[in-house]
Amino acid sequence: MAEKLGYSHMNVTSGAGHDAIYVARVAPTAMIFIPCKGGISHNEIEDADPAHVEAGANVLLHCILEQAGVAKK
């Protein structure tokens, strides 16, 4: 979806599981990651550029719309 929306992207393998571990038991699951300054996450000094946050939210939104049949595939 990121490519379709014109955002740069790459596939990554992550050890992060979050709630996706549990959801994956009953449905296909994916996670959307955005860059954080210095690669720091899950920390009070985590800092993300607002444009990256917006892009991640747009990817999620369009994935949901596509799955709901509201957007073109």
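**Overall.** I began with burial: of the 73 residues of the chain, 11% count as buried. Buried means under 20% relative accessible area, exposed over 50%, and partly exposed in between, with a 1.4 Å probe and protein chains only. This is a predicted model, in which local features need pLDDT of at least 70 and side-chain atom pairs count only at pLDDT 80 or more, while totals for chains, interfaces and linings use all residues. Residues are numbered from 1 along each chain as its sequence is written, and side-chain values use heavy atoms, with hydrogens and water left out.

I looked up the secondary structure next and found two helices and zero strands. Helices (H or I, at least four residues) and strands (E, at least two) are DSSP runs, numbered from the N terminus. I then took the box along the principal axes: the C-alpha atoms fill roughly 40 × 30 × 20 Å.

**Helix α2.** I checked its length. Helix α2 covers residues 50–67, 18 residues in total. From first C-alpha to last it reaches 26 Å, close to the 26 Å expected at 1.5 Å a residue. The expected span is 1.5 Å times one less than the number of residues.

Which residues of α2 are buried? I noted Ala-55, Gly-56, Val-59 and Glu-66. Seen down the axis of α2, the buried residues fall within an arc of 100°, so they line one face of the helix. The arc is that of the directions from the helix axis to the C-beta atoms. On the other side of α2, I found Pro-50 and Glu-54 exposed.

I looked at both ends. At the start of α2, a side-chain oxygen of Asp-49 comes to within 2.7 Å of the backbone nitrogen of Ala-51. Just after α2, Gly-69 has a positive phi of about 80°.

**The charged pair.** I searched for salt bridges (a side-chain nitrogen of Lys or Arg within 4 Å of a carboxyl oxygen of Asp or Glu). The structure holds one. Lys-4 pairs with Glu-66, and their closest N and O atoms are 3.0 Å apart. The pair links distant parts of the chain, 62 residues apart: Lys-4 sits in the segment before α1, Glu-66 in helix α2.

Is Glu-66 buried or exposed? Glu-66 counts as buried because its relative accessibility is 16%. I also took one distance from Lys-4: its C-alpha is 23 Å from that of Ala-20, 16 residues apart in sequence.

**The nonpolar patch.** Which residues make the nonpolar surface patch? I listed Met-10, Val-12, Met-31 and Phe-33, with an area of about 410 Å². Patches are made of residues with over 30% relative accessible area and no salt bridge; like charges are joined within 9 Å, nonpolar side chains (Val, Leu, Ile, Met, Phe, Trp, Tyr) within 5 Å. Accessible areas come from the Shrake-Rupley method with a 1.4 Å probe; for residues, only the protein chains shown count as cover.

Met-10 lies in the segment before α1, and its 65% relative accessibility makes it exposed. Val-12 is found in the segment before α1 (20–23); at 47% it is partly exposed. Met-10 and Phe-33 are 23 residues apart in sequence, and their C-alpha atoms are 9.8 Å apart in space.

**His-42.** My last entry concerns the loop between α1 and α2, where His-42 lies. Phi of His-42 is near 55°, a positive value in a residue other than glycine. His-42 counts as exposed, at 63% relative accessibility.

Conventions:
A polar contact is a pair of N or O atoms within 3.5 Å; within protein, one must be able to donate a hydrogen and the other to accept it, and residues adjacent in sequence count only if both atoms are side-chain atoms.
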